[in-house]
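Please look at the model shown below.

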Amino acid sequence: MDYLPNIIFVIVLAIGIGYFVNNIKKLSRNIKLGKDTDVSDNKPTRWKNMARIALGQTKMVVRPIAGLLHIIVYVGFIIINIEVLEIIIDGIFGTHRIFAPMGALYDFLIGSFEILALLVIVAVTLFWVRRNIIRLQRFIKPEMKGWPKKDGNLILYIELVLMLLFLTMNAADYQLQQLGAAHYTVAGSFPVSQFIVPIFEGLSISTLIVIERTAWWLHITGILVFLNYLYYSKHLHILLAFPNTYFGKLGPKGKFKNLDAVTQEVKLMLDPSADPFAAPAEDAADPEKFGASDIMDLSWVQLLNAYTCTECGRCTSECPANQTGKKLSPRKIMMDTRDRIEEVGKNLDANNGKFEDDGRQLLDNFITREELWACTSCNACVEACPVSIDPLSIIMDMRQYLVMEQSAAPTDLNNMMTNIENNGAPWPFNQMDRLNWKEEL
């Protein structure tokens, strides 16, 4: 019976990690639904961007208050969870504070963890106030109603509870150390949890052990639950911010890609030796679809972008179209793309990995044409994103589909393109007269 807790712990740990691995496989499969794209260039620059943006949080601190609070939560979450390693070892082998022999270094680490835990509690509380009491404009946009709002708050509650459990566990442990309880080695520094100890005064050793063990089990189980909750939450960016910033766009933000099929067609038109009436080769592949109407038409990097979205709303708050009351919200573009990926993923799960046409697509069923044409292509959303997400690339690909596959551009745009084709200028003037405006200066 002495080994029963260890066996239970190993089972819980295996289930938690196994479910997490399964979710990661599903995530990888869904991202690979996108078209292949080559992002193997400029590796030193990509590593530098990842270190600077994802690890260094340089784009977060553009807004100092939110940036500082986020850094506290980020650093606290990462560093405090170093102690998870000790918990796992203790849980597997039945030890207690296995790293205690590290002496002064261990005291310093535990003390640092506690201070960080307190700072995380403060930061999480302020984040909750910003979302629910101050109600910052970017947190109350239409796309943030329902699950997105609940998800944002639920994450804050989970982080708060995990930090409180950590401090409660340490406080009970510290009291047990003072009482000389068996197996509770005198180790660690408790600059924060020592103030919780008076709550436990007068309790028996057996009661304190129950409190300490309960907090210990709830803390590690909560971490495993949170780990698996990531897949269903905007907090997935904890994991994906690193690859997303690595694979981020390196070229000028205002540069748009050319379709290879169109480029080859233009070259053929300009080739004086080409036969314009020549039939395509028998083995010629069918021409690619122009632009994107569904997630399978986007690149895997764009799908990675969608899963990485933190729903922070910085992109939408900077968007001039959104600021002037247009329907477009770059954040919603990414959220809609992720929702459609998940819908397709569930379709694959239900049909043994084969996609069955569901009569739905990203265009119209998730993202409206009004949203797409409201975009000014100014790149403000791309510049504002703290994790290198590019909503504009999805908007432009879907616009391209509308223009080149459906000829469904707005009337004004169709008129402009017709004028360019016929007159060499956007205006309905004869080519001979198109420069007359300069005489009026």
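Ile 199 is exposed, with a relative accessible area of 63%, where exposed means over 50%, buried under 20% and partly exposed in between (1.4 Å probe, protein chains only). This residue sits in the loop between H6 and H7. Helices such as these (H or I, at least four residues) are DSSP runs, numbered from the N terminus, as are strands (E, at least two). Between the C-alpha atoms of Ile 199 and Ser 393 the separation is 56 Å, and the two residues are 194 residues apart along the chain.

Ser 204 also belongs to the loop between H6 and helix H7 (205–229). Its relative accessible area is 34%, so Ser 204 counts as partly exposed.

The model is predicted: local features need pLDDT of at least 70, side-chain atom pairs count only at pLDDT 80 or more, and totals for chains, interfaces and linings use all residues. Residues are numbered from 1 along each chain as its sequence is written, and side-chain values use heavy atoms, with hydrogens and water left out.

**Positive phi**

Arg 135 is not a glycine, yet its phi is positive, at about 55°. It is found in the loop between H5 and helix H6 (147–178) and is partly exposed, with 41% relative accessibility. Ser 407 is another residue other than glycine with a positive phi, near 50°. The loop that holds Ser 407 runs between helix H17 (391–404) and helix H18 (411–423). Ser 407 is exposed, at 57% relative accessible area.

**Salt bridges**

Side chains of opposite charge can pair when their charged atoms come close. A salt bridge here is a side-chain nitrogen of Lys or Arg within 4 Å of a carboxyl oxygen of Asp or Glu. The count by this rule is 18 salt bridges. The table gives some of them.

| Glu 318 | Arg 63 | 3.2 Å |

Glu 318 is partly exposed, at 38% relative accessible area, and Arg 63 is partly exposed at 25%.

Salt bridges that share partners join Glu 343 and Arg 360 with Asp 294, Arg 340 and Asp 358 in one network. Glu 343 is partly exposed, at 24% relative accessible area, and Arg 360 is partly exposed at 33%.

**Nonpolar cores**

A nonpolar core is a set of buried Ala, Val, Leu, Ile, Met, Phe, Trp, Tyr and Cys residues joined through side-chain atoms within 4.5 Å. The largest nonpolar core has 85 residues, and Tyr 307, Leu 328 and Met 398 touch the most other members. Helix H5 (residues 104–132) gives the most to this core, namely 10 residues. A second, separate core has eight residues, among them Ala 171, Ala 172, Tyr 184 and Phe 200.

Apart from neighbours within four places in sequence, Leu 328 has contacts (heavy atoms within 4.5 Å) with Cys 319, Ala 321, Asn 322, Ile 333, Glu 371, Ala 374, Cys 375 and Ile 395.

**Packing of two helices**

Helix H8 (residues 237–246) packs against helix H10 (residues 300–308) at an angle of about 145°, and their axes are 9 Å apart. Axes are lines fitted to C-alpha atoms, for helices over the stretch in contact, and angles run from 0 to 180 degrees between N-to-C directions. On the H8 side the contact is made by His 237, Leu 240, Ala 241, Pro 243 and Asn 244, and on the H10 side by Leu 304, Asn 305, Tyr 307 and Thr 308.
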